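Keep the sequence at hand as you read.

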Amino acid sequence: MRRVAVYPGSFDPITVGHVDIITRISRVFDEVIVLVAQSSQKSSLFPAEERKTLIEKTLSHIPNMRVDIFGGLTVDYMRKNNAHVIVRGLRAVVDFEYEMTMSSVNQKLAPDIETMLVFARPEFYYISSRGVKEVALNGGALQGLVPDNVIEPLKQKLASIPKN
Ligand code: ADP
């Protein structure tokens with residue numbers, strides 16, 4: 001059986017923490033699908049298509065990885081794509097409760113689908129898309145927080161937003 005992992009998230013934008021998780025799981029699974037959430041509830045800085053393109057450009061060297069966009073339940077996507085493992089990254093304890101709840105909901109909806117949690121490496125514990133946007137907004141250095149090819153698009157995107 002082909003082991004297919006789906007790594008869902010907002011990736012708004014992709015950070016070096018995400019890159020680390022994707023790189024590590026690509027060595028464990030036959031195929032990794034990075035699933036960009038197109039959420040109607042959460043407003044995002046980058047449209048889903050742009051988030052997808054940034055991930056693809058960053059990780060084009062990983063042959064068994066592809067990126068997709070989905071707006072529904074992750075478990076529905078999994079069924080359609082014959083995938084059985086949802087991978088999520090775990091940073092500090094604050095992630096734990098949310099991830100446990102999500103995992104329980106998904107377990108209830110689809111008992112045949114497993115959620116697996118991967119611990120962030122210590123050097124990436126503090127990195128989040130939200131934090132990165134805050135740094136960018138205030139003119140801080142982005143090197144080492146997001147992949148190099150994301151720095152300019154992030155700066156440009158923030159500069160294009162009208163300030164009120
Ligand atoms: P969401 O909005 O669904 O939380 P994110 O894009 O913020 O999506 O994150 C996607 C997944 O990656 C989540 O499981 C999150 O915990 C994990 N993640 C985010 N940042 C890091 C990081 N620095 N190290 C490891 N995992 C991370």
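The model is a predicted one. Leu-73, Val-105 and Leu-109 make a nonpolar surface patch of about 240 Å². Look at Leu-109, which is found in helix H4, residues 93-109. Its relative accessibility is 41%, so Leu-109 counts as partly exposed.

Now turn to helix H2, residues 48-58. Which residues of H2 are buried? They are Ala-48, Arg-51, Lys-52, Leu-54, Ile-55 and Thr-58. Around the axis they cover an arc of only 160°, so they sit on the same side of H2. An α-helix has 3.6 residues a turn, so residues three or four places apart point the same way. The other face of H2, turned away from the buried side, carries the exposed residues Glu-49 and Lys-57.

What covers the buried residues of H2? The cover includes two helices, H1 (16-26) and H6 (148-160). It also includes two strands, S2 (31-37) and S3 (65-70).

Ile-55 leads from H2 into the interior. In soluble globular proteins, nonpolar side chains tend to be buried together. Here the largest nonpolar core has 37 residues. Within it, Ile-55, Met-65 and Val-87 touch the most other members. H1 gives the most, with five residues.

Val-87 is then in contact with Ala-5, Val-6, Tyr-7, Pro-8, Ile-21, Ile-25, Phe-29, Met-116 and Val-118.

Charged side chains come next. Side chains of opposite charge can pair when their charged atoms come close. How many salt bridges does the model hold? The count comes to 13.

One of them takes us back to H2. There the side chains of Lys-52 and Glu-56 meet in a salt bridge, at 3.1 Å from N to O. Lys-52 and Glu-56 are separated by about one helical turn, because they are four residues apart in helix H2. Lys-52 has a relative accessible area of 18%, so it is buried. Glu-56 is partly exposed, with a relative accessible area of 30%.

Another salt bridge joins the side chains of Arg-88 and Glu-99, at 2.9 Å from N to O. Arg-88 lies in strand S4 and Glu-99 in helix H4, so this pair ties together parts that are 11 residues apart in sequence. Is Glu-99 buried or exposed? Its relative accessibility is 5%, so Glu-99 counts as buried.

The side chains of Arg-91 and Asp-95 also meet in a salt bridge, at 2.9 Å from N to O. Arg-91 is partly exposed, with a relative accessible area of 32%. Asp-95 is buried, at 11%.

Which residues are linked in a network of salt bridges? Arg-2, Glu-31, Arg-66 and Asp-68 are linked in this way.

Terms used:
Residues are numbered from 1 along each chain as its sequence is written. This is a predicted model: local features need pLDDT of at least 70, side-chain atom pairs count only at pLDDT 80 or more; totals for chains, interfaces and linings use all residues. Side-chain values use heavy atoms; hydrogens and water are left out. Patches are made of residues with over 30% relative accessible area and no salt bridge: like charges are joined within 9 Å, nonpolar side chains (Val, Leu, Ile, Met, Phe, Trp, Tyr) within 5 Å. Accessible areas come from the Shrake-Rupley method with a 1.4 Å probe; for residues, only the protein chains shown count as cover. A salt bridge is a side-chain nitrogen of Lys or Arg within 4 Å of a carboxyl oxygen of Asp or Glu. Buried means under 20% relative accessible area, exposed over 50%, partly exposed in between (1.4 Å probe, protein chains only). The arc is that of the directions from the helix axis to the C-beta atoms. Contact means heavy atoms within 4.5 Å. A nonpolar core is a set of buried Ala, Val, Leu, Ile, Met, Phe, Trp, Tyr and Cys residues joined through side-chain atoms within 4.5 Å.
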